[in-house]
Amino acid sequence: MKQRKLGMLISLIAGVTLLVTSAMAMDGHEQHKMSESMDHGQMQDMNGMDDGMAHGQGMMVILGEDVQEGVKAMCHLMPIDLKMMPAGSKATHHLMVRLSDAETGKPVESGTVAIKIGSPDGKEAAPVRLMGMQGHFGADVVLDQLGIWHFRIAAKLAEGKVHKYHGHHVIK
């Protein structure tokens with residue numbers, strides 16, 4: 001009888017611990033999902049990017065999510081520690097795009113993904129092809145001006161369709 005009570009007590013403690021740690025891990029992540037579209041206005045308001053996820057702190061910024069024709073894109077930016085880059089490298093951020101089937105959540109890991117980046121001074125750089133990297137597509141990019149940066153992403157996947165996404169991020 002004592003062993004049964006002890007077993008139940010241990011199970012109860014383990015269950016409560018799992019619930020508490022799960023809740024703590026989700027703290028601050030409530031807004032990772034956007035409404036139906038990743039439009040210009042919603043992107044900047046996403047996840048309080050102006051509140052604590054500022055440029056240069058080494059924290060990943062979630063630009064947002066969007067679904068186009070059954071393919072979901074989640075875009076992230078992460079500042080690069082310049083001390084870790086080769087001498088002469090100008091890259092300031094790593095841009096990541098995770099594509100998945102909107103219904104099943106299964107990652108889309110093949111296809112061609114490219115991005116055009118518009119700088120705050122109104123110039124748009126030539127397209128940069130993103131490389132496939134362990135569940136996402138990514139590239140190191142240069143975001144070296146203060147202001148609003150625009151990201152126009154195009155993904156041509158196996159079914160032959162081109163899926164387009166747009167977002168922006170403000171560097172202060």
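Let me start with a term: a contact here means heavy atoms within 4.5 Å. With that in hand, among contacts in this protein between residues at least 6 apart in sequence, 52% join residues at least 24 apart.

Hi everyone, and thanks for coming. What you see above is a predicted model, in which local features need pLDDT of at least 70 and side-chain atom pairs count only at pLDDT 80 or more, while totals for chains, interfaces and linings use all residues. Residues are numbered from 1 along each chain as its sequence is written, and side-chain values use heavy atoms, with hydrogens and water left out.

Let's talk about confidence. The score is pLDDT, the predictor's confidence in each residue, from 0 to 100. The mean pLDDT of the protein is 75, and 66% of its residues reach 70 or more. Where are the lowest and the highest mean pLDDT among the elements? The lowest belongs to helix 2 (residues 40-45), at 37, and the highest to strand 4, at 96. Over residues 14-57 pLDDT stays under 50, and the model has 66 contacts beyond four places in sequence for that stretch. Where pLDDT is low, the predicted coordinates should not be read in detail.

Now the overall layout. Helices (H or I, at least four residues) and strands (E, at least two) are DSSP runs, numbered from the N terminus. By that count the protein has 2 helices and 8 strands, and along the sequence the pattern reads α-α-β-β-β-β-β-β-β-β.

How are the strands arranged? They make an open sheet of 8 strands in the order 1-2-3-6-5-4-7-8, with antiparallel pairing; two strands pair if DSSP finds at least two bridges between them. Strand 1 (61-68) and strand 8 (162-171) stand at the edges with a single partner strand each, so one side of each has no neighbour in the sheet. On average, neighbouring strands of this sheet are turned by 25 degrees against each other, direction ignored. Those angles come from axes, which are lines fitted to C-alpha atoms, for helices over the stretch in contact; angles run from 0 to 180 degrees between N-to-C directions.

Strand 1 pairs with strand 2 (residues 71-79) in the antiparallel sense over 7 bridges, and Gln68 stands opposite Val71 in strand 2. His76 is also found in strand 2. Is His76 buried or exposed? It is buried, at a relative accessible area of 12%; buried means under 20%, exposed over 50%, and partly exposed in between, using a 1.4 Å probe and protein chains only. Leaving aside neighbours within four places in sequence, His76 is in contact with Met60, Val61, Ile62, Leu63, His94, Leu95 and Met96. For the protein as a whole, 34% of the 172 residues count as buried.

Arg152 is worth a look in both pairings. In strand 7, Arg152 is the bridge partner of Lys116, and Arg152 also stands opposite His166 in strand 8. Strand 7 and strand 8 form a hairpin with 5 residues between them, and Gly160 in the turn has a positive phi of about 95 degrees.

On to charges. How many salt bridges does a search of the whole structure find? It finds 3, taking a salt bridge as a side-chain nitrogen of Lys or Arg within 4 Å of a carboxyl oxygen of Asp or Glu.

One joins the side chains of Glu65 and Lys72, at 3.6 Å from N to O. Glu65 counts as buried at 8% relative accessibility, whereas Lys72 is partly exposed at 22%.

Another joins Glu69 and Lys161, with the closest N and O atoms 3.4 Å apart. This pair links distant parts of the chain, 92 residues apart: Glu69 is in the loop between strand 1 and strand 2, and Lys161 is in the loop between strand 7 (147-156) and strand 8. Glu69 is exposed at 54%, and Lys161 is partly exposed at 43%.

Arg152 comes back here too, as its side chain meets that of Glu124 in a salt bridge at 3.4 Å, N to O. Glu124 lies in the loop between strand 4 (112-118) and strand 5 (128-133), 28 residues from Arg152 in strand 7.

That's my tour; happy to take questions!
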